[in-house]
Amino acid sequence: MSPVADPTLALERRLLGRQDGLIIGCDEVGRGALAGPVAVGICVLEVRRSTRVPKGLRDSKMLSEARRETLAPIAGSWGVAHAVGYASAEEIDRIGITACLGLAGARALAEIVLAGIDVSAVPVILDGHFDWLSRAVPYPLTVHTQVKGDRDCASVAAASVISKVARDRMMVEHDAVHPAYGWARNKGYGSEEHRTAILSLGPTDLHRHSWLSGITAGETAVMLDGFEEAGVSDGESAA
């Protein structure tokens, strides 16, 4: 197996050309969970030729939970600003996951704007192939979608780690109120433990009720506004 390449600032520098400047990395976490919010992380970097990527920074899915916890504050302090926005399970049920990705992203960007950054003047690197962010904000954005951006682009990897840790901590707090569902371990994803608890106890107000018909029918597939993601067979999904 070939070694995993660390993310770089190559795309960030290419987008900025010869100039130093700000760039925004953006990634989501929790899209495929059965319970809890979807979260969108933002990390604003001041990219210079001499900027060094923090040692060990990678896409959150490639890191252990302990390593993510260590790297999250490092990634946050590396950036000029960072934020995490959320859309709740109730909002996901009401308007759909794609719209909620945009809603959570808009809320994260609003915090960045309050920090004094004109986000309309800063390029955004958005993980994936579809721009769900631009339509959700009331100002123009320059969005560059990048498949595997969380793996290859350091700004997006930083946003990935920051948002993953923030959402995981939230799910651990919810686990203290609803311990039977195993959220401290599965973070709301469709582990066997979680699915069994849904069948025996029913859903909570933190569940995405519109997503649970597959569970009650004995299936693990969840349809996502044109996407299909299989439920995780055991343990925690990484995204």
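## Overview

A contact means heavy atoms within 4.5 Å. With that in hand, we can look at how this chain folds back on itself: among contacts between residues at least 6 apart in sequence, 68% join residues at least 24 apart. This is a predicted model, where local features need pLDDT of at least 70 and side-chain atom pairs count only at pLDDT 80 or more, while totals for chains, interfaces and linings use all residues. Residues are numbered from 1 along each chain as its sequence is written, and side-chain values use heavy atoms, with hydrogens and water left out.

The protein chain has nine helices and seven strands; helices (H or I, at least four residues) and strands (E, at least two) are DSSP runs, numbered from the N terminus. Of its 239 residues, 49% are buried, where buried means under 20% relative accessible area, exposed over 50%, and partly exposed in between (1.4 Å probe, protein chains only). The accessible surface comes to about 11,000 Å², and carbon and sulfur atoms account for 53% of that area. These areas come from the Shrake-Rupley method with a 1.4 Å probe, and for residues only the protein chains shown count as cover.

## Confidence

Please take care with residues 219-238, where pLDDT stays under 50. For that stretch the model has 53 contacts beyond four places in sequence.

## The five-stranded sheet

Five strands form an open sheet in the order E3-E2-E1-E4-E5, with mixed pairing.

Strands of a sheet pair through backbone hydrogen bonds, either parallel or antiparallel. Two strands count as paired here if DSSP finds at least two bridges between them. E1 and E2 run antiparallel and are joined by nine bridges, with Gly21 opposite Val47 in E2.

Strand E1 (residues 21-29) pairs with E4 in the parallel sense over three bridges. Along this pairing, Gly25 stands opposite Ile125 in E4, and Cys26 has Leu126 as its bridge partner there. E1 is mostly covered, with eight of its nine residues buried.

On its other pairing, E4 runs parallel to strand E5 (residues 143-146), joined by four bridges. Val124 has Val143 as its bridge partner in E5, while Asp127 has Gln146. What about the side chains of E4 (residues 124-127)? Val124 and Leu126 point one way, Ile125 and Asp127 point the other way, and all are buried.

## An aromatic pair

A search of the whole structure finds one aromatic pair. Tyr181 and Trp183 form this stacked pair, at 5.4 Å centre to centre with 20 degrees between the planes. Rings of Phe, Tyr and Trp (its six-membered ring) pair if their centres lie within 6.5 Å; planes under 30 degrees apart count as stacked, over 60 as edge-to-face and the rest as tilted. Tyr181 counts as buried at 6% relative accessibility, and Trp183 is buried at 0%.

## Two lysines with positive phi

Most residues other than glycine have a negative phi. Lys148 has a positive phi, near 60 degrees. Lys148 lies in the loop between E5 and helix H5 (149-152) and is partly exposed, with a relative accessible area of 47%.

Lys187 also has a positive phi, of about 60 degrees, although it is not a glycine. Lys187 sits in the loop between helix H7 (183-186) and helix H8 (192-201) and counts as buried, at 0% relative accessibility.

Methods
pLDDT is the predictor's confidence in each residue, from 0 to 100.
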